[in-house]
Amino acid sequence: MIDRKVRTGGSIICDVFLEEGVTAIFGMPGGASLPFYDALYDYPQIQHYLMRNEQGAGYAADGYARALNSVGVATSTSGPGATNLVTPIASAMMDSIPVVFLTGQVATPFIGTDAFQETDITGVTIPITKQNYLVKSVHELPRIMKEAFYLARSGRPGPVLVDVPKDVFLDETDEPVPESIELRGYKPAGAGHRRMIRKAAELIGQSERPVIMAGHGVAISGAFEELRELAEKAEIPVITTLHGVGDFPETHPLSFGMIGMHGMYYANMAVSECDLIIGLGLRFDDRVTGRVADFAPKAKIIHVDIDPAEIEKVVPTAVPIVGDVKATLQILNPLVSANTHTAWLEELNRLRTNHPSHEPPPNEEFLPQHMVRYIYEATEGEAIVVADVGQNQMWASQMFFYEKPYTFFSAGGLGGMGYALPAAMGVQVARPDQTVWCVTGDGGLQINIQELAAMAEYNIPVKVGVMNNAHLGMIRQWQNRFYNGRLMGAELINPDFAKVAEAFGIRGIRAETQDEARDAISQAMEFDGPVLVDFIVDELEDCYPMVEPGASLAETVER
Amino acid sequence: MKTEGLSTLVALVEDNPGVLTKVATLFRRRGFNIASLNVGHSEQPGISRMTIVIEGTGAHIKQCEKHLYKLVEVVKVVDITNADRVDKELALVKIAAHGAERSSVVALAQAFDGEVVDVGRNALIVQLTASPYTIERFLSLAGDFGVVELTRTGLITMARGDVRRARSPVAARRPGSNHKE
């Protein structure tokens, strides 16, 4: 039955949010979006979180989307509000995160006149959105809103921006929201091509040293069970990309951790020595491959990805499969014969024993690695970790064993510092039942530190762990290593973050030793509400293993 | 326009505002150089046809095609670089011509099946509809007199031959079909 009720643009948007199951949105109002906020007033079912910078709103929506593997919403006004969203939009694009960004725009008669707070945000965001719209008439709005959600979450997910002029929020229409969307230029792939899948099964059967490389696509398509079935059935070791962390239980005997520039030594060696890569939902990013010419020199590559443009973008592929990972594995797994790879696994296990990259160094000093390991021990792995960018991000992935899907999030593609704090808030809002730890650096914290105000206001019980080494650590590491120790812009003079947290109304704790750190973590866990722990870690610890820029994975350097 | 090292793609796109910008932005962002670009209506209402001549061949063009497909408004892309096809381009060429030179220019235009569409005191405008290669040859010869002004539409092209089946080219697209299998 088609509902031809007359509604304002603002109400249509709120109705679509509810239809799409969105019950929390993150934003900041402004002149052009005031009519939308006025409509929102009548929708108590939608909780609006007033963030303190639109960038925080964008990242919070990103975290919300990742935690639920569904669409998040961030909103801002026109002009400066919209441009403040640009970084989270670019980040969501790089990481394939489904977020609908709703921006206000100056009223239609003013568009193109350089009106107050006017920015051509659809023009600005063309290369960093999956799709964007400037809504010129309220009659288009129901279709566009429905389309925006459909495009954001389907196929390879991504950000969609809907720019709504002030008068369009107020205009009325009886145009209903379409039940479904049919776009002749957009047909996301289902399962891959059967013939290719049969060929993949043959290669897997012939391989003596296979490796599964699991990426973000496994999580997006929810293929955890299928991945595990494939790995166990044919006894294939599994390594993951950064965004693939959580795809496969990291304490499983077939798990060999994360690959890449700061991946596990044994994971990098496994890929360098294997004869077959089964790549599932990944894009062979340069931080994953090292020097491409020497990437997996002995291996044939099966590449499953839903985006045809990722196939053969970076590495030549023996078997290209354009398709959804889950749907593809459901066809592939029955075609794969049960198998064992005893010698290969012995070799990899020996590497893991002799090169335990996942263990903190046996130091008395309080190292940044300890901070993450203690959080792992205190939570018994039952936590979601949201990492920022830099050394803290790498240690957060290395020193914690992630057992379950959707438990580790990080802005791996764009690598925007300042991600973790607001994103962790979005994650916590989406998953109120979970313990959420934000692992950030002293540099990254200060990029969006204003969001502590929203965290306090809404009592979002995130545990914020600041890995405070008084440096932009990765910058210091690179300047020491590649610029003859000429430190420039790497050192940070910081405030007392525990006191800063207290001033925001958040419990602040400072920990300077291993014992204090353990104690602070248990205090934070026991406290019912947001806590910030300022972990004063060793200032000079560098992050290893490391594949130097331009080097191959086989040349991984250890501590 | 030399055709060596160039590829020709035909894209059918939704006739929405901003589509040309999206295509142009994509080419800039991914580093594909456009040699010529022509946009106009197609035989189907609501669908525009773009003829894009790009520098590069092989894998580079395959990537370009895949990225074009990723644009929601792009309905179909065909690489017709190696197809048997009709290539046409229209050029208006203003050529300097005083007195006796005038008849030489007219003769040159006639030799290329061109048409003199304007005659001034010291210049003529020649309209030429031909393949880009033929237009290049004409321009080279006209250069002896002096080309004062030039405008070209860019290549438009169409594969030769009969219609195999009466089906809309739009319906021909299958997801994932734009890669080797």
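**A helix pair and its setting**

Reply: Helix 11 of chain A and helix 14 of chain A cross in a left-handed sense; a crossing is left-handed if the near helix is turned anticlockwise from the far one by less than a right angle, and right-handed if clockwise. The model is predicted, and local features need pLDDT of at least 70, side-chain atom pairs count only at pLDDT 80 or more, while totals for chains, interfaces and linings use all residues. Residues are numbered from 1 along each chain as its sequence is written, chains are lettered from A and ligands numbered from 1 in the order in which they are written, and side-chain values use heavy atoms, leaving out hydrogens and water.

Helix 11 spans residues 224–234 and helix 14 spans residues 325–335 of chain A; their axes come within 9 Å and cross at roughly 30 degrees. Helices (H or I, at least four residues) and strands (E, at least two) are DSSP runs numbered from the N terminus. Axes are lines fitted to C-alpha atoms, for helices over the stretch in contact, with angles from 0 to 180 degrees between N-to-C directions. Angles under 35 degrees count as roughly parallel, over 145 as roughly antiparallel, 65 to 115 as roughly perpendicular and the rest as oblique.

On the helix 11 side of chain A the contact is made by E226(A), L227(A), E229(A), L230(A) and K233(A), and on the helix 14 side by K326(A), L329(A), Q330(A), L332(A), N333(A) and P334(A); contact means heavy atoms within 4.5 Å. By class, this contact of helix 11 with helix 14 of chain A has 5 nonpolar, 2 polar and 4 charged residues. Ala, Val, Leu, Ile, Met, Phe, Trp, Tyr, Cys and Pro count as nonpolar, Asp, Glu, Lys and Arg as charged, and the others, Gly among them, as polar.

A salt bridge joins E226(A) and K326(A), whose closest N and O atoms are 3.4 Å apart. The pair links distant parts of the chain, with E226(A) in helix 11 and K326(A) in helix 14 of chain A, 100 residues apart. The rule requires a side-chain nitrogen of Lys or Arg within 4 Å of a carboxyl oxygen of Asp or Glu, and the count comes to 40 salt bridges over all chains.

Two further helix pairs in chain A share helix 3. Helix 3 (residues 54–68) and helix 18 (residues 420–430) of chain A pack at an angle of about 45 degrees, with axes 6 Å apart. Helix 3 and helix 18 of chain A are therefore oblique to each other, and their crossing is right-handed. Here G56(A), Y59(A), A60(A), G63(A), Y64(A), A67(A) and L68(A) of helix 3 meet P422(A), A423(A), G426(A), V427(A), V429(A) and A430(A) of helix 18 of chain A. The classes in this contact of helix 3 with helix 18 of chain A are 10 nonpolar, 3 polar and no charged residues.

With helix 5 (residues 86–94) of chain A, the axis of helix 3 of chain A comes within 7 Å, at a crossing of roughly 25 degrees. That makes helix 3 of chain A roughly parallel to helix 5 of chain A. Q55(A), G58(A), Y59(A) and D62(A) of helix 3 meet T87(A), P88(A), S91(A) and A92(A) of helix 5 of chain A, a contact of 3 nonpolar, 4 polar and 1 charged residues.

Chain A also faces chain B, with 26 residues of chain A in contact with 27 residues of chain B. Together the chains bury about 2100 Å², 57% of it on carbon and sulfur atoms; buried area is the accessible area (1.4 Å probe) that two parts lose on being put together, summed over both. In chain A, I126(A), R184(A) and G185(A) lose the most area to chain B, together 29% of what that side buries. The rule finds 2 salt bridges across this interface of chain A and chain B. K70(B) forms a salt bridge with D307(A), the closest N and O atoms being 2.5 Å apart.
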